[in-house]
Amino acid sequence: MTGLDTEMYFITDSTGFEEEEFLQRVESACKGGVTLLQLREKDKTTREYISLAEKVHSITKKYGIPLIIDDRTDVALAADAEGVHLGQSDMPVDTARKILGSSRIIGATTKTVPQALEAYNQGADYLGVGAIYPTTTKVKTVITSVDTLSAIVKAVPIKVNAIGGLNKDNIHVLKKTGIDGICAVSAIMKAENPETAARELKEAFLRLKGDSQ
């Protein structure tokens, strides 16, 4: 996927928010410079997931930000989203590629070099690697070392993003890993001002990237 910008990858979490406030926060984050947005819903029915995806898509399209649907290839198709993100227990990447075709974005969560190589060989466009730090959004957090992250970056030619408990004050550990971007959930979603939080996090990553060169 040429031209894919994963520098500031925002993953949503609607827990505890009314839909109106959730959508306002999504739009605020988009104004802050998010480059890729993943809608992640674990507890909604398929119909509810599609409905929310369509509302979020109407926002992301205004800002030219690709919408990625977590886990659900069917929801991605139904909402005409730009892509899907698949975990290790979800549909295999090559199966999703058959369903979605060559033009949609497919991302994959990987925690080891073999998983990364498998996802790349099956047609993934980018990888989310982590968790780097313990997170509040997932109960079972497998911590990925920075050395493993660096090894994955060297092993595959596609975009690699770090994920897991990242914020502007702790991403310094990722210096010189060669990653293409960072994924954030709580640092933006739970911020008082998601627009400011997204902007500051993106600026912190770009400084880190500059220092690594």
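Threonine 112 caps the N-terminal end of helix H5 (residues 113–121). A side-chain oxygen of threonine 112 lies 3.2 Å from the backbone nitrogen of glutamine 115; a polar contact is a pair of N or O atoms within 3.5 Å, one able to donate a hydrogen and the other to accept it, with residues adjacent in sequence counted only if both atoms are side-chain atoms. Helices (H or I, at least four residues) and strands (E, at least two) are DSSP runs, numbered from the N terminus. Just after H5, glycine 123 adopts a positive phi of about 110 degrees.

The model is predicted: local features need pLDDT of at least 70 and side-chain atom pairs pLDDT 80 or more, whereas totals for chains, interfaces and linings use all residues. Residues are numbered from 1 along each chain, and side-chain values use heavy atoms, without hydrogens and water.

Eight strands close into a barrel, ordered E1-E2-E3-E4-E5-E6-E7-E8, with parallel pairing. Pairing requires at least two DSSP bridges between two strands. From one strand to the next, the twist averages 25 degrees. Axes are lines fitted to C-alpha atoms, for helices over the stretch in contact; angles run from 0 to 180 degrees between N-to-C directions.

Four bridges join E5 (residues 105–110) to E6 (residues 126–130) in the parallel sense. Threonine 110 has valine 129 as its bridge partner in E6. Helix H6 (residues 146–155) packs on the sheet and touches E5, E6 and E7 (159–163), contact meaning heavy atoms within 4.5 Å. The direction of H6 makes about 165 degrees with that of E7.
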